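Hello,

Here is the structure I promised to pass on to you. Please have a look at it first, and then read on for my notes on what turned up.

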Amino acid sequence: MSPTDETPDDAAASGPAVPGAGGVRLRRALEGLPSYVPGKPAAAPAAGAERAFKVSSNENPYPPLPGVLEAAVAAAGTMNRYPDMLATGLVAALAERFGVPPAHLATGTGSVGILQQIVQATAAEGDEVVYAWRSFEAYPIVVGISGATSVRVPLGPGARHDLDAMAAAITDRTRLVLVCSPNNPTGPAVHHDELERFLGRVPADVLVVVDEAYREFVRDPDAVDGLRLYRDHPNVCVLRTFSKAYGLAGLRVGFAVAHDAVADALRKTAVPFGVSVVAQHAAIESLSREAELLERVTALVAERERVGEALRKLGWEIPHSEANFVWLELGERTLDFARHCEQAGLIVRPFAGEGCRATVAEPEANDRLIELAEQWLAG
């Protein structure tokens with residue numbers, strides 16, 4: 001299949017502002033732009049069920065790591081002061097943990113906050129941003145807001161990135177390429193050798209972002225390691241987050257690793273004081289708790305494999321996930337399946353006309369997903 005240029009983003013390129021509420025003139029870039037849809041909260045337990053489960057937002061089911069809550073509470077005592085705008089302590093801890101220069105790090109409000117900084121730094125009206133689709137639903141939103149044009153390249157077999165098609169979609173208007181690995185919401189990881197070959201076809205002045213929000217859950221030895229690529233390619237930027245494996249989704253802290261010029265641009269486009277003092281201290285403490293983190297991640301990976309194997313035995317054809325979720329391709333019956341789950345007290349994340357994503361959560365939630373998936377196949 002060929003890549004598709006999205007018309008809502010094309011509308012951003014030119015033309016007068018459109019009237020808004022009360023006659024206020026708004027940017028044409030917002031016309032037709034989708035809003036981000038968060039996972040629904042857990043509903044009341046279904047009849048006969050002890051509790052309801054929310055598996056719609058890829059959250060970590062575990063509480064904060066030991067010591068993290070205490071660090072956050074202590075930091076909250078200084079909330080009358082602005083946080084360190086450059087997150088100096090967190091940057092130093094990240095530099096030591098990942099073996100990169102502090103000057104190559106930039107922080108933001110989750111990896112999606114950093115993503116918006118990247119788009120602002122690289123793309124504007126008349127420019128193009130290439131990414132796979134379906135992928136992270138924030139991509140078309142942040143690209144559309146910038147006024148640039150999204151070039152969506154359909155996923156290939158196995159719900160994986162089609163890197164050959166993505167390379168073919170690059171033009172002289174391309175300023176940015178987004179590669180989500182593992183891919184949200186389908187789960188497969190891009191392989192390292194694939195992305196190395198892909199980079200050989202990308203112009204040196206086009207930034208390639210490896211979005212690794214789920215990196216800690218990866219077990220495929222062939223999966224891409226964004227940090228290895230970044231060390232060898234000046235046009236590679238790596239995104240990571242504390243929202244998933246580290247369990248700090250509610251505090252909004254992410255970071256990027258990139259070479260000097262890019263990292264400096266990301267600091268320029270950051271919202272001043274965006275990462276709170278509580279988030280900074282919680283993230284620093286989380287980095288020091290790697291042993292406990294790995295225990296939890298290992299348990300979630302084991303549950304991911306159990307759920308995937310059980311669904312396949314039932315007859316579901318699901319992509320191999322390297323993240324903390326599974327993808328059920330349902331096509332036009334997607335919303336029906338989501339309602340089927342919700343009525344039984346399990347909230348999944350539907351993408352209308354495509355499929356449902358379900359986070360690997362507590363074993364009880366995972367058991368309910370398997371049970372409901374079996375019921376669905378039974379009619």
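**A salt bridge to start with**

Glutamate 354 and arginine 134 join their side chains in a salt bridge, with N and O 2.7 Å apart. Please keep in mind that this is a predicted model.

A search of the whole structure gives 20 salt bridges. In the pair above, glutamate 354 sits in the loop between β14 and β15 (355-359), while arginine 134 sits in the loop between β6 and α5 (138-146), so the pair ties together parts that are 220 residues apart in sequence. Glutamate 354 counts as partly exposed, at 25% relative accessibility, whereas arginine 134 counts as buried, at 13%.

How is the chain divided? The domain assignment gives domain 1 (53-61 + 290-378) and domain 2 (66-289). Between them, 25 residues from domain 1 and 28 residues from domain 2 take part in the contact. The C-alpha centres of the two domains are 25 Å apart.

About 2,200 Å² is buried between domain 1 and domain 2, and carbon and sulfur atoms give 55% of that area. On the side of domain 1, Glu290, Leu293 and Glu322 lose the most area to domain 2, together 27% of what that side buries.

As for polar links, there are four salt bridges between domain 1 and domain 2, and 14 residue pairs are in polar contact across the interface, both residues being at pLDDT 80 or more. Three elements of domain 1 give two or more residues to the side that touches domain 2: α11 (290-314), β12 (325-329) and β14 (349-351). Of these, α11 gives the most, with 10 residues. Sorted by class, that side of domain 1 has 10 nonpolar, seven polar and eight charged residues.

Is helix α10 (residues 277-287) largely enclosed or largely open? Eight of its 11 residues are buried, so α10 is largely enclosed by the rest of the structure. Val277, Val278, Ala279, Gln280, Ala282, Ala283, Ser286 and Leu287 are the buried ones, and they pack against α2 (68-76), α3 (88-98) and α11.

Glutamate 285 forms a salt bridge with arginine 289, where the closest N and O atoms are 3.0 Å apart. Salt bridges with shared partners join Glu285, Arg289 and Glu292 into one network. Arginine 289 is partly exposed, with a relative accessible area of 23%.

**A pair within helix α9**

Another salt bridge joins the side chains of lysine 268 and aspartate 264, at 3.5 Å from N to O. The two residues are four apart in helix α9 (residues 260-268), which means that about one helical turn separates them. In general, an α-helix has 3.6 residues a turn, so residues three or four places apart point the same way. Lysine 268 is exposed, with a relative accessible area of 66%, and aspartate 264 is partly exposed at 33%.

**A buried aspartate**

Aspartate 127 counts as buried, because its relative accessibility is 13% and the cut-off is under 20%. Its side chain reaches the backbone nitrogen of alanine 124 at 2.9 Å. Leaving aside residues up to four places away in sequence, aspartate 127 touches Thr122, Ala148, Thr149, Arg173 and Arg175.

**Backbone points to check by eye**

Most residues other than glycine have a negative phi, and most peptide bonds are trans. Against that background, here are some places to look at.

- The peptide bond from asparagine 184 to proline 185 is cis, with omega near 20 degrees; proline 185 is in the loop between β8 (174-180) and α7 (192-199).
- Arginine 252 has a positive phi, near 60 degrees. This arginine lies in the loop between β10 (236-241) and β11 (254-257) and is partly exposed at 32% relative accessibility.
- Phenylalanine 273 also has a positive phi, near 60 degrees. Phenylalanine 273 belongs to the loop between α9 and α10 and is partly exposed at 36% relative accessibility.

Terms used: Residues numbered from 1 in each chain as written. Predicted model: local features only at pLDDT ≥ 70, side-chain atom pairs only at ≥ 80, totals over all residues. Heavy atoms only, no water. Domains from an automatic or database assignment. Contact = heavy atoms within 4.5 Å. Buried area = accessible area lost by both parts, 1.4 Å probe. Polar contact = N/O pair within 3.5 Å; in protein donor to acceptor, adjacent residues only side chain to side chain. Nonpolar A, V, L, I, M, F, W, Y, C, P; charged D, E, K, R; others polar. Buried < 20%, exposed > 50% of the residue type's maximum accessible area, 1.4 Å probe, protein only.
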